[in-house]
Amino acid sequence: MKRCVRWLKPLPLRPRDTVQVVAPAGPFEQAPFEAGLRILSERYAPVVRPDIGASHRYLAGDDARRQEELSQAFLDRATRAIFCARGGYGSSRLLPELPLDKAGPVSFTGFSDLTSIHCALQALGRVSFHAPVLTQLGRQSTQVHDYFFRLLESAEAPPPLTGNATYVPGTAEGVLVGGNLSVFSRLLGTPYMPPLDGAVLLLEDVTERPYRLDRMWTHLRLAGVFSRVRGIVLGDFTACEEKDANYSSADVLRELARDAKLPCAAGFPIGHGAINYPVALGTRVRLDADAARLTFLEGAVSPG
């Protein structure tokens, strides 16, 4: 797939803009979904299809339902943003038929399994938002909500984020790509891998034991990913510990990062933890691994 040189940013959101709520992956619990929807409704005008609560095995309805819902949201010119109900699994099944190349300048938000859609958008040179899903949004603080809305609405660069550990010292600048390690690694060898040369790679995950993290990281190394990117940002690796082990997932990731010999900082409040700050994939960042600081060099939306 041809790599784009110029990144396309979405239009800024404004209060009371029409936004779509979709469920392209797994089914969700109603209570946390409603809590997130209330937060969203306080600022925007969300549109929710009546069949969004469908369930088919481990999916939020069959592929046809989820495909139609998400495709319609991308193609609807009245829609300024797309918010996902939940991650789980299933969005990668939709990639071949999604009309992403025909989508307007819409903000796509979500994380975890939605990494597959983020990567497909970045492969087309489009900025998107690694951000809380609705079932997580209600549990986030007002600080995260305010940061999220500012990111979606302002063309100015957002405030930097800080991690808690330096794994490999150094600095790196580049376009931020990545997301969930498990989903990202599954896209190797597909047309949906984003441009990696000179990028800064964001990784996070949940409930993956250390040997599985090692296996997926090694897959990236063997595929040449770490010879192409300039730095590594590690978010939360939630519930990834081996029971009764004398080592932690952080020990394993630190060792892997040192072997990669790229600037790497960890512990950023991004992912499945209690705090999930949104970040704009496809925008330029500077990683100061010594200070465990991620600085955003540009805004995520166009000036309007």
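**Close-up views of the annotated active site and the cysteines**

**View 1. Ser 112 sits in a loop between strand S4 (107-110) and helix H3 (115-123).** Helices (H or I, at least four residues) and strands (E, at least two) are DSSP runs, numbered from the N terminus. This is a predicted model, where local features need pLDDT of at least 70, side-chain atom pairs count only at pLDDT 80 or more, and totals for chains, interfaces and linings use all residues. Residues are numbered from 1 along each chain as its sequence is written, and side-chain values use heavy atoms, leaving out hydrogens and water. With 11% relative accessibility, Ser 112 is buried (under 20% relative accessible area, 1.4 Å probe, protein chains only). Beyond residues up to four places away in sequence, Ser 112 has contacts (heavy atoms within 4.5 Å) with Asn 180, Val 183, Glu 204 and His 272.

**View 2. Here are the residues that UniProt annotates as "active site" (unreviewed entry): Ser 112, Glu 204 and His 272.** UniProt positions follow the numbering used here, feature names are shortened, and annotations may be inferred rather than shown by experiment. The three span 161 residues in sequence, yet no two of their C-alpha atoms are more than 8.3 Å apart, so they gather at one spot.

**View 3. Glu 204 belongs to strand S9 (residues 200-206).** Its relative accessibility is 0%, so Glu 204 is buried.

View 4. Cys 84 is buried at 1% relative accessibility, and Cys 119 is buried at 0%.

Definitions and conventions:
Buried < 20%, exposed > 50% of the residue type's maximum accessible area, 1.4 Å probe, protein only.
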